[in-house]
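Open the model in your viewer and keep the sequence panel beside it. The stops below say what to select and what is found there.

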There are 2 protein chains.
Amino acid sequence: MESLDYISKNDYLKRYFEDIPREELRKHCRLVIYKPQNIIVKKGEHINFIGIIISGRALLVNEFANGNAYILKELKLLSIIGDIEIVSLAKGSACTIESIDECTLIAVDDKVFLKWMKLYHGFALHVARRLAERFHESSNENGKYMVYNSNYSLISTIINVVDNITGGKTAENFNIRLKNTRKELGERIGLNERTINRLLQKLKNENLISINSGKIYINNFQLQKLKELKENLQMDRRKI
Amino acid sequence: MESLDYISKNDYLKRYFEDIPREELRKHCRLVIYKPQNIIVKKGEHINFIGIIISGRALLVNEFANGNAYILKELKLLSIIGDIEIVSLAKGSACTIESIDECTLIAVDDKVFLKWMKLYHGFALHVARRLAERFHESSNENGKYMVYNSNYSLISTIINVVDNITGGKTAENFNIRLKNTRKELGERIGLNERTINRLLQKLKNENLISINSGKIYINNFQLQKLKELKENLQMDRRKI
């Protein structure tokens, strides 16, 4: 199939390109195929086309100067790449994109894409809407796993401290005072005291710890509940 | 000053609104003032205007169903709010926005804003560009603190384990084998084994740990380096 066939057979694509004359589409849309596990674009490098995935899957990965990488999202059918960079006139790609399996994209050169936005008002509106939709989705989730991880780390640390004191025996009744200060807990997890306080307050509100004159206490019942919560958070994490 | 005075005195605003007739601007731009520490919009609730900050600062906060919150960004002079939601036709705001000090915004109703995008092609292009610029900036950083935190947690856990064995004495020469499996380390931090392996490999490449037949070893020199790295990560974190 040619690009034009894909576009005319898919409602989403048809709407996206509805303002572009057929002749322009025929002239400028091309199919590009990436083999599995290939780099489609590398973070920071120039991307000179927009691409829409019409088969296969790819990973959106963020890499940082220190070599760490974080998978942001799986891209699949009808995911758009390159439009953020091209519309913002950014010099380099915001993320790295790697194909998972064989990926086919409908590609349009950056200059043609920008020309279409300038010539066809309706197309500019579609592009703006698609950008805003993905930005909304991304903002909505942004920070989720950061919060998740902080909470998990604090619970995990508290369990370790208490288990170290009790030797892991939960059968007996106890009510143990955590000797670690909030500052110490924060340093152990890499969070500031304000965040630690907020997280502790939440645990207290859920009756997972007790706070008395600023001191943290945990009884055997609460420890059990904390362990169950930790287990559940682990399960959630595996789903990501 | 009236909204129109602000717009005509600021190059950025002048360019953003250059395609909108002066009479339309006069009729539809209004100034809105929020007292310090007020909610401008709450995540999930409908926002029916776009606002551009012309004085004061606000926080962009993401809140999650379980009550956790994460500060994504500080908004200041010329930050735009509401455009993501209005252009994407989203039902609710992606984030919560709270004023830090007294905030003044130029506000335009959602219906007027969308009408302007439909009537004035140049304005639609500006809106798309501003959205793409912020999306690029946000994507570029997305996951950074997640990665940061994972790395910090692993280093911190390794230090704790070794310190527990040595009793905190670093003066002597030692080369200690970590008995914890990758699975155990992962469970302690809340990360899967694949991520743990990736992070361990990085530490090995930087000669901060040794790996021999799959087993993890740390000597006194490496422990000292790990503690310095942890300290540096903490300093970085305070800057966020």
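Into which domains is chain A divided? Domain 1 covers 3-141 and domain 2 covers 144-239, with bounds that come from an automatic or database domain assignment. Taken over C-alpha atoms, the centres of these two domains of chain A are separated by 43 Å.

Before going further, note that this is a predicted model, in which local features need pLDDT of at least 70, side-chain atom pairs count only at pLDDT 80 or more, and totals for chains, interfaces and linings use all residues. Residues are numbered from 1 along each chain as its sequence is written, chains are lettered from A and ligands numbered from 1 in the order in which they are written, and side-chain values use heavy atoms, with hydrogens and water left out.

**Stop 1: both chains**

The same surface serves both copies, as 99% of the contact residues of chain B recur in chain A; contact means heavy atoms within 4.5 Å.

**Stop 2: the sheet of chain B**

Four strands form an open sheet in the order β1-β8-β3-β6 (chain B), with antiparallel pairing. Its edge strands are β1 (30-34) and β6 (80-81) of chain B, each of which pairs on one side only. Two strands count as paired if DSSP finds at least two bridges between them. Strands of a sheet pair through backbone hydrogen bonds, either parallel or antiparallel.

Now select β3 (residues 49-55) and β8 (residues 103-109) of chain B, which run antiparallel and are joined by 6 bridges. B:Ile53 is placed opposite B:Leu105 in β8(B).

**Stop 3**

Move to β7 (residues 96-99) of chain A. With β2 (residues 39-41) of chain A, β7(A) pairs in the antiparallel sense over 2 bridges, and A:Ile97 is the bridge partner of A:Val41. With β4 (residues 58-63) of chain A, β7(A) also runs antiparallel, here joined by 4 bridges; A:Thr96 is the bridge partner of A:Val61.

In chain B, select β2 (residues 39-41) and β7 (residues 96-99), an antiparallel pair joined by 2 bridges. B:Val41 stands opposite B:Ile97. The strand β4 (residues 58-63) of chain B pairs with β7(B) over 4 bridges, again antiparallel, and B:Leu60 has B:Ile97 as its bridge partner.

**Stop 3: A:Ile106**

Go back to chain A and select A:Ile106, in strand β8 (residues 103-109). Is A:Ile106 buried or exposed? At a relative accessible area of 1%, A:Ile106 is buried; buried means under 20% relative accessible area, exposed over 50% and partly exposed in between, with a 1.4 Å probe and protein chains only. A:Leu4 is 102 residues away from A:Ile106 in sequence, yet their C-alpha atoms are 9.3 Å apart. Beyond neighbours within four places in sequence, the contacts of A:Ile106 include A:Tyr6, A:Leu13, A:Cys29 and A:Ile52.

**Stop 4: cysteines**

Show the cysteine sulfurs. How many disulfides are found over all chains? The search of the whole structure finds 0, a disulfide being a pair of cysteine sulfur atoms within 2.5 Å. For A:Cys29, the closest cysteine sulfur is in A:Cys103 at 18 Å, too far for a bond. A:Cys29 is buried, at 9% relative accessibility. A:Cys103 is in no disulfide either, with the nearest cysteine sulfur, that of A:Cys95, 16 Å away. A:Cys103 is also buried, at 0%.

**Stop 6**

Select A:Thr157 in helix α7 (residues 144-166) of chain A. A:Thr157 is buried at 9% relative accessible area. Neighbours within four places in sequence aside, A:Thr157 is in contact with A:Leu185, A:Arg188 and A:Ile189.

Next select helix α8 (residues 182-189) of chain A, where the buried residues are A:Leu185, A:Gly186 and A:Ile189. Seen down the axis of α8(A), these residues fall within an arc of 100°, so they line one face of the helix; the arc is that of the directions from the helix axis to the C-beta atoms. After α8(A) comes A:Gly190, with a positive phi near 90°.
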